[in-house]
Amino acid sequence: MLIPLAFSLHAVVRGVHVFLDHLTDVRWTFLGIVAVLQVVKIGCAARAWQNSIAASYPKKHASFPTTFGALSAGVAVGSVIPAHGGDAVRVVIIKRRLPGSTYTTIASTILVRAPFDMLMALLFFFYLFYMGVLPGHTLLPHLPAFDFSWFFAHPRTAVVIISTVILIVTALVLWAWVTIQEFKERVRQGLAGLLDWRFYFRRIFPWQLGDWVLRLVIVFFALLAFHMPATLHNSLLAQGTSNLATLLPISPSGIGTEQALLVTVLHGAASSSMIVAYSVGTRLVTSAINIVLGFGAILYFFHTFRFQRFVT
């Protein structure tokens with residue numbers, strides 16, 4: 001596990017050097033638009049989550065600034081700590097701002113958006129598959145900075161590790177669901193926004209759809225910023241690659257995987273160095289926005305960056 005991470009981080013450093021080499025070629029106006037749209041995108045996701053919380057706690061009120069700050073904090077931590085490490089942070093913030101709420105219910109509200117997000121991710125994947133741009137399984141382990149190269153190089157061990165983790169997690173969830181009635185009730189309460197489909201399509205779905213539309217728009221302007229063909233086709237390819245990279249990120253934000261896949265997927269649209277510069281430059285801008293907003297929110301809510309001691 002440490003070996004692919006080391007290669008991914010090495011690729012990130014190399015990618016930053018490539019980005020700096022193309023600094024004079026960047027259209028900063030378009031990157032500025034990307035930065036603004038990133039804030040709006042976070043706002044859409046925050047509104048969807050706020051409404052999910054409202055469905056679970058109709059007598060309590062989680063304000064938009066609170067959910068926006070909590071989501072930003074989670075995104076910021078997730079940009080630094082891989083494997084969705086930011087989810088716990090935003091759950092803690094909302095829990096502290098909603099007296100009488102529970103970690104289980106708040107965490108479950110995050111899952112309300114999961115079905116639609118998974119559907120969209122699958123649609124992007126099938127589009128990549130249909131277009132025939134994905135690298136074959138024999139090529140994947142040899143792509144530079146590919147986060148999962150170790151798994152492809154050691155398939156039997158990888159299957160054992162992944163299967164064991166899935167079995168343990170599934171067993172724990174099933175055990176809690178069957179034996180702990182309170183756990184079941186709290187999870188069901190957290191999923192109230194999804195179980196009430198009228199509420200979901202009226203109060204949550206439009207904001208989720210806006211979030212996904214903005215992802216494509218951000219990619220479109222990022223392509224323009226790096227003098228790459230800003231077409232709907234290329235935007236779909238780049239966003240689909242980003243989805244795959246963040247599915248189970250090992251390097252921060254999955255940037256190692258994204259670099260490796262983008263060079264293959266967008267082959268012919270621009271030079272390899274420009275594609276790497278696009279990948280790193282876009283990630284740097286969006287991550288900078290995430291980190292400024294997120295760690296600013298952490299400092300505001302906790303008055304310190306050592307938020308771990310507030311998890312009780």
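**Exercise 1. Find where histidine 227 sits, and say whether it is buried, partly exposed or exposed.**

*Solution.* Start with the location: histidine 227 lies in the loop between α11 (197-225) and α12 (232-245). This is a predicted model, so let us look at the backbone next. Most residues other than glycine have a negative phi. Histidine 227, although not a glycine, has a positive phi of about 55°.

**Exercise 2. Work out where the buried residues of helix α6 lie around its axis.**

*Solution.* First, take the helix itself: α6 (residues 114-131) has 18 residues and reaches 26 Å from its first C-alpha to its last, close to the 26 Å expected. Next, list its buried residues, which are Phe116, Asp117, Met120, Phe124 and Leu128. Viewed down the axis of α6, these fall within an arc of 120°, so they line one face of the helix. Now turn to the other side, where Met118, Phe129 and Tyr130 are exposed. Just after α6 comes glycine 132, with a positive phi of about 70°.

**Exercise 3. Which helices do the buried residues of α4 pack against?**

*Solution.* Begin with the residues: in α4 (residues 87-97), Val89, Arg90, Val91, Val92, Ile93 and Ile94 are buried. Then follow their packing, which is against α2 (28-56), α3 (64-80), α5 (103-110) and α14 (272-302).

How values were computed
Residues numbered from 1 in each chain as written. Predicted model: local features only at pLDDT ≥ 70, side-chain atom pairs only at ≥ 80, totals over all residues. Heavy atoms only, no water. Buried < 20%, exposed > 50% of the residue type's maximum accessible area, 1.4 Å probe, protein only. Helix = DSSP H or I, 4+ residues; strand = E, 2+ residues; numbered from the N terminus. Contact = heavy atoms within 4.5 Å. Expected span 1.5 Å × (residues − 1). Arc of directions from axis to C-beta.
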